[in-house]
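Here is a brief report on selected features of one protein model.

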Amino acid sequence: MPNIKIFSGSSHPDLSQKIVDRLGLELGKVVTKKFSNQETCVEIGESVRGEDVYIVQSGCGEINDNLMELLIMINACKIASASRVTAVIPCFPYARQDKKDKKSRAPISAKLVANMLSVSGADNIITMDLHACQIQGFFDIPVDNLCAEPAVLKWIKENIGEWKNCTIVSPDAGGAKRVTSIADWLNVDFALIHKERKKANEVDRMVLVGDVKDRVAILVEDMADTCGTICHAADKLISAGATKVYAILTHGIFSGPAISRINNACFEAVVVTNTIPQEEKMKHCSKIQVIDISMILAEAIRRTHNGESVSYLFSHVPL
């Protein structure tokens, strides 16, 4: 693949390495460091003039530092005469702040991040399972919102023996579309849990809509942060007669009390993709299992570079 350079930010170097290994390339040379006042400094260590540049940086860890690092890397490549700069952001930062709620003075931070990426010089965005698909509309540049769904379907069929007698469950109304799509592919039933929140990160009450009695329940969600919702949902499903409960998440953020909650919950397994590094969390929680999605991102990069359609990736996992 001529005229392509892939650089890694510091948020998830392991995923970046898997992507370039898949493409048969080497990671571009870049040095990121901090001055003593904590300003981020980036030095691109090779020529990018006329190159098609991809910068892999996930919205995890020290999110603000990593976002700033990404913006600086994009700008550094752009002013070094790269022909095109694509930001590969497996987990999009601030995606949950995508609208004004009842509070009239709430910010729409996802729009602000979109503006920052555009102003820094990004020509294209590749991301995965945005919290709300409408975030694509915040950009005036192309956004490829890839799906983990094909990889999730593959994992269910290979790892859950009783998958034909399962119910796919959304832990909130917002995920109903995602859940019905997976249930249709598997030709199984789906259910919904309606939750009421009194304040952020705290669930007040849950109501199950649908039947899970004597079935395997598979909770599907795009992201889990403190895991209060999915752990409450698991308890609700067991009390409603489910035989086993699995949780499948695209972005396993797992902050605060998340790991202890998962350890104490009644999950058979909590399955996440590696859009966010999970090695440390897996040491403290044996229930966490990881689906590798590096091949999906690598194929999206290859197809984008060659000017091919990426729609194949919405229904297939690359071999």
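## Strand β13

In this predicted model, strand β13 spans residues 269-273 and is mostly covered. Five of its five residues are buried. In a regular strand the side chains alternate between the two faces of the sheet. Here both faces of β13 are covered. Ala269, Val271 and Thr273 lie on one side, Val270 and Val272 on the other, and all are buried.

Strand β13 is joined to β12 by four bridges. The two strands run parallel. Within this pairing, Ala247 stands opposite Val270 of β13.

## Aromatic pairs

The count of aromatic pairs comes to two. One of them joins Phe92 and Phe139. Their ring centres are 5.9 Å apart, centre to centre, and 80° separates the planes, an edge-to-face arrangement. Phe92 sits in the loop between β5 (84-89) and α3 (109-120). Phe139 sits in the loop between β6 (124-128) and β7 (143-146). The pair therefore ties together parts that are 47 residues apart in sequence. Both Phe92 and Phe139 are buried.

Trp155 and Tyr246 also pair. Their ring centres are 6.3 Å apart and their planes stand at 70°, so this pair is edge-to-face. Trp155 belongs to helix α4 (residues 149-159), while Tyr246 belongs to strand β12 (residues 244-252). The pair links distant parts of the chain, 91 residues apart. Trp155 counts as buried because its relative accessibility is 9%, below the 20% cut-off. Tyr246 is buried too, with a relative accessible area of 9%.

Strand β2 (residues 30-34) and strand β3 (residues 40-44) pair in the antiparallel sense. Five bridges hold the pairing. Val31 stands opposite Glu43 in β3.

The hairpin of β2 and β3 has five residues between the strands. In this hairpin Gln38 takes a positive phi, near 75°.

## One cavity

How many cavities of 30 Å³ or more does a search of the whole structure find? The search finds one. The volume of the largest cavity is about 40 Å³.

Its lining is made up of Gln57, Ser58, Gly59, Ile63, Asn66, Leu67, Leu70, Ile89 and Pro93. Helix α2 (residues 63-79) gives the largest share of this lining, with four residues. By residue type, the lining of the largest cavity divides into five nonpolar and four polar, with no charged residues.

## Cysteines without disulfides

The whole structure holds zero disulfides. Cys77 counts as buried, at 0% relative accessibility.

What separates Cys147 from its closest cysteine sulfur? That sulfur is in Cys133, and the distance is 7.3 Å. A disulfide needs the sulfur atoms within 2.5 Å, so 7.3 Å is too far for a bond. At 24% relative accessibility, Cys147 counts as partly exposed.

Notes: Residues are numbered from 1 along each chain as its sequence is written. Side-chain values use heavy atoms; hydrogens and water are left out. Rings of Phe, Tyr and Trp (its six-membered ring) pair if their centres lie within 6.5 Å; planes under 30 degrees apart count as stacked, over 60 as edge-to-face and the rest as tilted. Buried means under 20% relative accessible area, exposed over 50%, partly exposed in between (1.4 Å probe, protein chains only). Two strands pair if DSSP finds at least two bridges between them. On a 1 Å grid over the protein atoms alone, a cavity is a set of points where a 1.4 Å probe fits but cannot get out, and a pocket is an open set with protein on both sides within 12 Å along at least five of seven lines; lining residues have an atom within 4 Å of a point. Grid points are joined across faces, edges and corners, and a volume is the space filled by probe spheres set on the points. Ala, Val, Leu, Ile, Met, Phe, Trp, Tyr, Cys and Pro count as nonpolar, Asp, Glu, Lys and Arg as charged, and the others, Gly among them, as polar.
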